[in-house]
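Please consider the sequence and the three-dimensional structure shown below.

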There are 2 protein chains.
Amino acid sequence: MAVRRTHTHMADGRDLFYFDDSEPYVSGAATRRLDDPRPLTPRFGPDSPLARGPQMRRDPLTGEWVPMATHRMDRTHLPPADANPLAPAKPGAEYSDGEIPDTDYDVVVFENRFPSLLRVPGEPDDATALDGEEIWEVRPAVGRCEVICFSPDATKSLADVSETRMRTIIEAWADRTAELSRLDGIAQVFAFENRGEAIGVTLHHPHGQIYAYPYLTPRTTTMLGQARAHRERTGGNLIADVMAAELRSGRRVIAESEHWVAYVPAAAKWPVEIHLAPKDTSRPIPDLAALTEAERADLAPMYLELLARCDRFFAHPDGTPLRLPYIAGWHQAPVGEGRDDLRLHLQLFSIQRAPGKLKYLAGSESGMGAWISDTVPEKIADRLREVATAERAGITTPRSEP
Amino acid sequence: MAVRRTHTHMADGRDLFYFDDSEPYVSGAATRRLDDPRPLTPRFGPDSPLARGPQMRRDPLTGEWVPMATHRMDRTHLPPADANPLAPAKPGAEYSDGEIPDTDYDVVVFENRFPSLLRVPGEPDDATALDGEEIWEVRPAVGRCEVICFSPDATKSLADVSETRMRTIIEAWADRTAELSRLDGIAQVFAFENRGEAIGVTLHHPHGQIYAYPYLTPRTTTMLGQARAHRERTGGNLIADVMAAELRSGRRVIAESEHWVAYVPAAAKWPVEIHLAPKDTSRPIPDLAALTEAERADLAPMYLELLARCDRFFAHPDGTPLRLPYIAGWHQAPVGEGRDDLRLHLQLFSIQRAPGKLKYLAGSESGMGAWISDTVPEKIADRLREVATAERAGITTPRSEP
């Protein structure tokens, strides 16, 4: 597939990448506006509010790094509440109010204007001790936060895009994963989407985010510990062996294609939860960049099928479908140590437990990290089989016994 | 202090404990109705819906135990939505619609009617393998869930009770911690309160919960790992050393009394977060039951002072105080292994980040466990000092430099 990638810079110096589906390319061509004409202050220049980048502190009780808004960033340039900073520029306008310079695009990725992770050139990234106490380690949060727009149409949702567009998005995710992984100090890359007001999304334009963390996140650290113990005990790869067990059991498999299998994990803790993994265990697949052309092509319809099922999972009392609020995130292996122990898989989940009812994270979940599930994975799987779309080439759906 | 504890049983066999402040005792006396006259089916009898107790599955990716609603429990006896099951019985009524048999009480604790953790007598608690796959361990969730009512008055909040009543609540927490810790199979005890609709609380009667987990929760497991590493490195106790560092720095200490110190932790991840710890490091204080009489007496006004400050932290746009939605939980040392490595401390936190604005847990937090803080602990501490109540005997509040 011929996706064209065009790299340019925004007026304040941030990177921006257009990913175009196919000829005739709609964005980033020489005949169209490539560059950002806004009068923004360069991020790292002498007038920049960014004398220091964001800092992070290590919680001694848990070992977690917590990036904080300790750096003073000038947020007065934020667009008004009714503007959509992710819309394409208006044709003929002298410059865009929003972030995208071009008047049309297929998929675009750019650096977040107010990132919680950022490397400021020249700033040393040594550890210091807060208040002179060694127990509190502080470091610059030298990661990177990018935004990915899935469509120029603010009224659409990712579930609505074509398979071709989905394929381009996969290409963009893989591209960013590879490039961000090569940056100095990056420990892991996480491409994710938050959708729905119920999880705090205020900007409805279809978009996702890509975080390049300068540390291993708590979930990855935990999975790595489990994966190492599993390898020592069995010699196998934990992620591959869990997927193989789901395939053998079959009880919670909800969709399968030539290269992918989707299942509700046996110990799902969310009211709706799906994992999606590549089936080929004959080679390591640490991240999206490691997928073959055939796996990428096969992923596009599968991803859209899963989103379609999520939107059919619940209905409003009047019978109209309930667009499920969800979080979808690609778990990828760490860039450095531990890379062999983890494998790529998607975790797609929702806090919606019934129409009008959300799962709240109260004392046990938020205070102790101890989840209590209100349902069972087999029931979730049964429902996700029931709501399969009529036909999508190459995807089979097991049937539940009545 | 003379708190009277009276143990009785509910009609279906559940334990119920009255804790009375002082003479004349209002509940549980021989002259008042002690027992529950409702025609409930005994929980564990031949007609019980509880042939099996709740089950839990171990997530192989994280090692977490996830209790699930796999047991079929008959919830049709739930009170109607407008009833308050935590209110005292109505005087003269033949029997109560609610859970409390007596017509008045000070503080009452009883077993949750629909617990997610429960030992069913006679049920073996061996591990089994889900779908015959060793990778998925399943066990009965043989813990216990109790409810604690802080006041008979449904319109009050814990922040409104007297110091005498708070002292009785502390006694009840300590009593339940000690007793639940002795039960077979219990790994740790967590006493906590969820307050506010923003975190999903639908029952406004002032109450908390006490969970006795049959496993170490993820947060405790993580803290234990950090505490062991800290002990190996420094010889010290992690919780005590963090508190000592906060006392030395002083920058985030918000209140101090003879026996207690409250501070915003240096790496706080919630928009409002307070830790409260007992100051005596000359002896181990694993849990509430280990507190001396003087520490308990000193804790009552301190706890109420912290709740009062939380309710003054934000105001509605019209100037009226915003009752902060919060989660307050007592982290206690494990019952068994690791008991020496942890120490009692309270974590009190909120998802409210501004009036009308909540912190949502989106992709980074929910998918990766990776928190991004929107504020800095020093700002939270400054505000919590500003909103100190005029005078509460024995509590000092450091002042922030302007």
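How many salt bridges are there between chain B and chain A? The count between these two chains is eight salt bridges, a salt bridge being a side-chain nitrogen of Lys or Arg within 4 Å of a carboxyl oxygen of Asp or Glu. This is a predicted model, in which local features need pLDDT of at least 70 and side-chain atom pairs count only at pLDDT 80 or more, while totals for chains, interfaces and linings use all residues. Residues are numbered from 1 along each chain as its sequence is written, chains are lettered from A and ligands numbered from 1 in the order in which they are written, and side-chain values use heavy atoms, with hydrogens and water left out.

**The interface**

Chain B brings 78 residues to the contact, and chain A brings 78 residues; contact means heavy atoms within 4.5 Å. About 6000 Å² of area is buried between chain B and chain A, and carbon and sulfur atoms give 63% of this area. Buried area is the accessible area (1.4 Å probe) that two parts lose on being put together, summed over both. Of the area that chain B buries against chain A, 13% is supplied by B:L61, B:W136 and B:M368, more than by any other three residues.

One salt bridge joins A:E64 to B:K269, with the closest N and O atoms 3.2 Å apart. Across the interface of chain B and chain A, 22 residue pairs are in polar contact, both residues being at pLDDT 80 or more. A polar contact is a pair of N or O atoms within 3.5 Å; within protein, one must be able to donate a hydrogen and the other to accept it, and residues adjacent in sequence count only if both atoms are side-chain atoms. On the side of chain B that touches chain A, helix α3 (residues 238-249) of chain B gives the largest share, eight residues. Helices (H or I, at least four residues) and strands (E, at least two) are DSSP runs, numbered from the N terminus.

**A sheet in chain A**

Chain A has an open sheet of four strands in the order β4-β3-β7-β6, with antiparallel pairing. Because β4 (65-68) and β6 (128-129) of chain A stand at the edges, each has a single partner strand, and one side of each is left without a neighbour in the sheet. Two strands pair if DSSP finds at least two bridges between them. In the antiparallel sense, β6(A) pairs with strand β7 (residues 137-140) of chain A over two bridges. The bridge partner of A:A129 in β7(A) is A:E137.

**Salt bridges within the chains**

A search of the whole structure finds 86 salt bridges over all chains. Side chains of opposite charge can pair when their charged atoms come close.

| Pair | N to O distance |
|---|---|
| A:D175 and A:R5 | 2.7 Å |
| B:R14 and B:E99 | 2.8 Å |
| B:R309 and B:E305 | 2.7 Å |

B:R14 and B:E99 are both buried, that is, under 20% relative accessible area, where exposed means over 50% and partly exposed in between (1.4 Å probe, protein chains only). B:R309 and B:E305 are four residues apart in helix α4 (residues 293-313) of chain B, so they are separated by about one helical turn. B:R309 is buried, with a relative accessible area of 0%, and B:E305 is buried at 2%.

**Backbone features**

Most residues other than glycine have a negative phi, and most peptide bonds are trans. In chain A, the peptide bond from A:E23 to A:P24 is cis, with omega near -5°. A:P24 is found in the loop between β2 (15-20) and β3 (55-58) of chain A. The peptide bond from B:E23 to B:P24 is likewise cis, with omega near -5°.

A:D131 is not a glycine, yet has a positive phi of about 55°. A:D131 is placed in the loop between β6 and β7 of chain A and counts as partly exposed at 38% relative accessibility. B:D131 also has a positive phi of about 55°, and at 37% relative accessibility B:D131 counts as partly exposed.
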